Amino acid sequence: MSAPGFVLDVDERTPPLVLFEGEGIRAERLPAGSRVIYPPASLPGIRDLDTAIREALLHPHGIEPLPELLKPGMRLTVVFDDVSLPLPSMRRPDVRGRIIEHVLEIAARRGVEDIEIVAANALHRRMTAAELRHVVGDRVFRGYFPHRLRNHDAEDRDNLLHLGMTGAGEDVEINRRAAESDLLVYVNVNLIALNGGAKSVSVGLASYRSLRHHHNTHTLRHSRSFNDPPNSALHHSFDRMLDVIGGRLKIFTVETTVNGDSFPPSMGFLTTHEWEWGIADRIGFLGVRHGNRALPPRLRRRLLNSIKAPYGVTGVTAGTPSAVHPITLANVHRQQVTAVQGQADIGVFGVPYVGPYNVNSIMNPVLAMCMALGYLFNFYLNRPIVRRGGVGIFIHPLTPDFHPVHHPSYIDFYDEVLTETTDPARMEAVFEKRFAEDPWYIHLYRTGHAFHGVHPFYMWYWGAHAMQHLGDVVFVGADPKVAARMGFRAAATLSDALEMASHTVGTSPSITCLHTPPITMADVR
């Protein structure tokens with residue numbers, strides 16, 4: 001058993017807390033009386049992972065064992081989560097690759113020959129050959145790439161199949177190869193409660209025609225939070241779509257969970273309580289802090305993206321999505337959830353350098369907003385850590401740097417849309433369709449490694465609930481011009497941000513900091 005998560009009450013003895021500030025880190029003192037939410041200690045990983053995988057495939061929940069589902073002459077499609085999971089990327093061998101190898105070995109023994117492997121990238125950028133190899137491993141890559149190992153193409157009209165409508169009038173359109181398979185095996189890494197379950201197939205293999213029904217302002221404003229599925233309109237839509245898909249397609253899902261070992265031992269200070277630091281932790285902190293500041297941006301990003309996490313796998317569960325996912329969520333909660341009593345007037349969040357949409361890339365200001373207001377704000381169950389009308393303080397420089405290959409539509413979104421409006425509903429009504437159907441963006445998505453043209457809109461909508469809930473948003477260390485364009489305020493220091501917040505919440509506010517890494521989910525009662 002690991003130690004449970006806890007809430008630290010800050011006093012004069014509390015050492016400075018380590019917080020991300022984008023590509024850098026800082027040590028920050030919070031005012032006495034503040035609270036800091038820490039996650040449970042990292043769970044032990046499964047020692048014999050290959051045995052755990054075999055047991056899961058042979059003893060699934062709600063469906064026959066995998067060997068009994070595989071027959072000669074059938075069409076098998078294996079699908080896996082794309083490069084957006086986990087964060088940081090898992091060091092080799094990736095658990096998805098190990099599972100895929102086991103599935104392929106069983107399929108070979110059962111005489112299955114018609115096999116394709118697909119990365120479920122939806123409207124994300126296509127994974128590179130090197131990224132595919134990292135996930136699936138050398139053996140699978142050599143045997144299947146490029147003709148039978150590929151990225152899903154959400155704009156390939158010949159390889160999409162419309163399966164029908166949900167009871168709420170939502171189009172369900174997914175990858176044709178997957179939809180026409182005799183069996184789909186989906187291999188997942190469930191990093192947070194948002195992932196997995198009905199979301200995997202209904203989102204990862206979908207087209208814009210389907211995704212627009214839940215990746216929109218109305219749905220995301222009515223999701224409380226994305227990591228609390230019973231209170232998430234987003235997940236309700238996923239469930240409706242999976243009901244349609246499940247009526248046409250047999251799905252065998254394999255979901256995995258990981259522990260909190262998100263950084264290598266050389267950066268262990270990031271996942272060690274500050275008051276437990278030894279000499280090595282202090283040296284590591286100073287080295288990373290000053291080294292990052294000294295390096296030019298391109299080299300700094302290359303080094304940060306080279307970090308691979310030594311995650312331990314805490315669960316492997318196979319079966320039908322509805323039978324598997326509750327077990328998966330219980331494993332996620334064991335690792336991440338900390339009980340918190342009451343909401344605060346102010347929430348403080350350090351925003352890290354990596355999110356789902358800038359792996360091996362750059363976290364531009366739109367993605368930083370999404371990471372702050374879309375992800376960190378939503379790391380809660382029941383209710384946000386900040387009360388309605390309170391203030392969110394996020395630490396990130398909001399540097400206006402964009403990856404020209406991965407994020408071309410983000411550049412135009414920043415220059416053309418944000419100069420006109422920051423209101424998600426108006427963006428959706430006035431600008432979204434043009435970006436979504438732009439032939440050049442579609443060409444770059446299909447032939448290069450660009451995110452789909454509509455993607456920056458979805459990332460802005462991802463923050464719609466937080467924007468509506470909070471009375472003020474302040475970014476510490478941010479470029480003031482960038483913050484102003486995005487509708488936020490900038491502060492030079494945390495002290496300045498707290499002073500600015502006092503105009504909204506008074507001069508004696510309650511303050512709660514969500515401490516990450518590792519990922520912390522607040523169960524606010």
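How many bridges pair β15 with strand β20 (residues 521–524), and in which sense? In this predicted model, β15 and β20 pair over 2 bridges, in the parallel sense. Across this pairing, leucine 381 has aspartate 523 in β20 as its bridge partner.

Strand β6 (residues 114–120) runs parallel to β7, and 3 bridges join the two. Within this pair, isoleucine 117 stands opposite leucine 149 of β7.

Strand β17 comes next. All 5 of the 5 residues of β17 (residues 472–476) are buried, so the strand is largely enclosed by the rest of the structure. In a regular strand, side chains alternate between the two faces of the sheet. In β17, Asp472, Val474 and Val476 point one way, while Val473 and Phe475 point the other way. Strand β16 (residues 386–395) pairs with β17 in the parallel sense, over 5 bridges. Phenylalanine 394 has phenylalanine 475 of β17 as its bridge partner. Strand β18 (residues 489–491) also runs parallel to β17, joined by 3 bridges. The partner of phenylalanine 475 in β18 is alanine 490. Between β17 and β18 the chain passes through helix α21 (residues 480–485), and this β-α-β crossover is right-handed.

The largest nonpolar core holds 154 residues, of which Phe80, Val185 and Phe252 touch the most other members. Helix α14 (residues 365–376) gives the most to this core, with 10 residues. Beyond its neighbours within four places in sequence, phenylalanine 252 contacts a set of residues including Leu57, Pro60, Ile63, Leu183, Val185, Tyr186 and Ala318. A second, separate core has 23 residues, among them Ile395, Val474, Val476 and Cys513.

Helix α18 (residues 439–447) has four named positions facing inward in the sense of burial: Tyr441, Ile442, Leu444 and Tyr445 are buried. Down the axis of α18, these residues fall within an arc of 165°, so they line one face of the helix. Pro439 and Trp440, on the other side of α18, are exposed. The buried residues of α18 pack against α15 (408–417) and α17 (432–437).

Valine 95 lies in helix α3 (residues 95–109). Its relative accessible area is 1%, so valine 95 is buried. Not counting residues up to four places away in sequence, valine 95 touches Leu49, Met90, Val189, Thr256 and Val313. Valine 95 and tyrosine 311 are 216 residues apart in sequence, yet 9.6 Å apart in space, C-alpha to C-alpha.

Most residues other than glycine have a negative phi, and most peptide bonds are trans. The peptide bond from leucine 85 to proline 86 is cis, with omega near -20°. Proline 86 sits in the loop between β5 (75–81) and α3. The bond from phenylalanine 145 to proline 146 is also cis, with omega near 5°. Proline 146 is placed in the loop between α5 (138–144) and β7. Asparagine 360, in the loop between β14 (344–350) and α14, has a positive phi of about 55°. With a relative accessible area of 31%, asparagine 360 is partly exposed. Asparagine 382 has a positive phi as well, near 75°. The loop between β15 and β16 holds asparagine 382, which counts as partly exposed at 35% relative accessibility.

Technical notes: Residues are numbered from 1 along each chain as its sequence is written. This is a predicted model: local features need pLDDT of at least 70, side-chain atom pairs count only at pLDDT 80 or more; totals for chains, interfaces and linings use all residues. Side-chain values use heavy atoms; hydrogens and water are left out. Buried means under 20% relative accessible area, exposed over 50%, partly exposed in between (1.4 Å probe, protein chains only). Two strands pair if DSSP finds at least two bridges between them. A crossover is right-handed if, with the strands pointing away from the viewer, the path from the first strand over the helix to the second runs clockwise. A nonpolar core is a set of buried Ala, Val, Leu, Ile, Met, Phe, Trp, Tyr and Cys residues joined through side-chain atoms within 4.5 Å. Contact means heavy atoms within 4.5 Å. The arc is that of the directions from the helix axis to the C-beta atoms.
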